[in-house]
Amino acid sequence: MSEIKNEVEKTNEEVKDLASTVKDETAAAEVTTEDKAAEEEEVKAAEQTAEKTDTEKKSGPDLEPFNCRIIVVTSGKGGVGKTTSSAAIATGLALKGHKTAVIDFDVGLRNLDLVMGCERRVVYDLINVVHKEARLNQALIKDRHVDNLYILPASQTKDKDALTLEGVGEVLRGLDNAGFEYVVCDSPAGIEAGALMALYYADEAVVTTNPEVSSVRDSDRIIGILNSKSRRAVLDWEPVTSRLLLTRYVPGRVTKNEMLSVEDVQELLTIPLLGVIPESPDVLKASNAGNSIILNKESDAGKAYEDAVERLLGNEVELRFTTEKKGFFSKLFKR
């Protein structure tokens, strides 16, 4: 009887030990499960943080340099010849063998397609690309005169607020990835949103002005914007290279003190001179025909733009068309 009692007590002790072991193992398993759940939560949180960081990096302006050169043709005043100059410079660069795109940033008032004779071929525009309603290659229009030249027109129906720095950056990155060497940005006048979008990514600026005081004063303000609000200024890179393009110049009026001289304008703006474009009826004729003036090899204005493009490429070219042409009788009587 005592032996049976001892066996029962021994069995009870073994059961207690087994129950204790199971309890300990269960508790350990619960801790492991809790640790695993906590670890999974940490991983999930880290992934969400990384995804948020990637999104933040992708949004906003493009902060990486481009391989292509971004040239903005700008001014403070309207009607000084920015679009004519943008078309001529882009065409001149393409004629030199450089793959070039020219973008019209004057949203709502586009004219570049008219000057370059491709208005009937516009299907998609800059805003469509920025809003991802069309691919970049769908919106680019190949020039009908010059290989290596493409036009990206502005929208006539949208507002300038439809542009974003992020969207413009993506367009320029797409052109860069497509192997373009130069991108010429035809800026609207002034310092409103479209103009700021056009100049933000610029590496070089062609400051276009007429030889009269109000035009020069407004151009001086644009130079200040380039030095303070461009991407190069914001990121503390090398500053935008600004150069002066003096348009609609009439030496005879300068002689009569009816117009500022080249030296007067340079003294006021203190930036290097890219070129002097003489006043010429050929410019209007070329625009009405949908041809860039630089294609007219007989025109003084076309020759002056050729000289400006050479200087833009780093070549030294003697300045022309800054003195009054003498007629036969003027030369005869030395007037």
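# Helix 13 and its surroundings

Let me start with helix 13, residues 300-312. It has 13 residues and spans 18 Å from its first C-alpha to its last, close to the 18 Å expected at 1.5 Å a residue. Before going on, please keep in mind that this is a predicted model.

How many residues of helix 13 are buried? Ten of the 13 are, so the helix is mostly covered, buried here meaning under 20% relative accessible area.

At its start, a side-chain oxygen of Ser299 comes to within 3.2 Å of the backbone nitrogen of Ala301. Just after the helix, Gly314 has a positive phi of about 95 degrees.

The side chain of Asp307 meets that of Arg320 at 2.9 Å, N to O. This pair links distant parts of the chain: Asp307 is in helix 13, while Arg320 is in the loop between helix 13 and helix 14 (328-332), 13 residues apart. Arg320 counts as partly exposed, because its relative accessibility is 34%.

The loop that holds Arg320 is also the place of Phe321. Phe321 has a phi near 65 degrees, a positive value in a residue other than glycine. With a relative accessible area of 16%, Phe321 is buried.

There is another residue of this kind to mention. Lys132 has a positive phi too, near 60 degrees, and is likewise a residue other than glycine. Lys132 sits in the loop between helix 4 (126-130) and helix 5 (136-139). Its relative accessible area is 63%, so Lys132 is exposed.

Back to salt bridges. A search of the whole structure finds 14 of them. One of these joins the side chains of Lys142 and Asp147, at 3.1 Å from N to O. Lys142 is partly exposed, at 34% relative accessibility, and Asp147 is exposed, at 56%. Another joins Glu258 and Arg253, at 3.4 Å from N to O. Here Glu258 is partly exposed, with a relative accessible area of 47%, and Arg253 is partly exposed with 36%. Salt bridges also link Asp62, Arg173 and Asp176 into a network.

Next, the aromatic rings. How many aromatic pairs does a search of the whole structure find? The search finds three. One of them is Phe66 with Tyr201, an edge-to-face pair with 6.0 Å between centres and 65 degrees between the planes. This pair links distant parts of the chain, 135 residues apart: Phe66 is in the loop between helix 1 (2-58) and strand 1, and Tyr201 is in the loop between helix 7 (193-200) and strand 6. Both Phe66 and Tyr201 are buried. Tyr201 also pairs with Tyr200: the ring centres are 4.9 Å apart and the planes are at 85 degrees, so this pair is edge-to-face. Tyr200 is buried as well. Through these ring pairs, Phe66, Tyr200 and Tyr201 form a cluster.

Thr100 lies in strand 2, residues 100-104. Is Thr100 buried or exposed? Thr100 counts as buried, because its relative accessibility is 0%. The side chain of Thr100 reaches the backbone oxygen of His98 at 2.9 Å. Leaving out residues up to four places away in sequence, Thr100 touches Ala90, Leu93 and Ala94, then Asn148, Leu149 and Tyr150, and also Phe180, Tyr182 and Val184.

Conventions:
Residues numbered from 1 in each chain as written. Predicted model: local features only at pLDDT ≥ 70, side-chain atom pairs only at ≥ 80, totals over all residues. Heavy atoms only, no water. Helix = DSSP H or I, 4+ residues; strand = E, 2+ residues; numbered from the N terminus. Buried < 20%, exposed > 50% of the residue type's maximum accessible area, 1.4 Å probe, protein only. Polar contact = N/O pair within 3.5 Å; in protein donor to acceptor, adjacent residues only side chain to side chain. Contact = heavy atoms within 4.5 Å. Expected span 1.5 Å × (residues − 1). Phe/Tyr/Trp six-rings, centres within 6.5 Å; stacked < 30°, edge-to-face > 60°. Salt bridge = Lys/Arg side-chain N within 4 Å of Asp/Glu carboxyl O.
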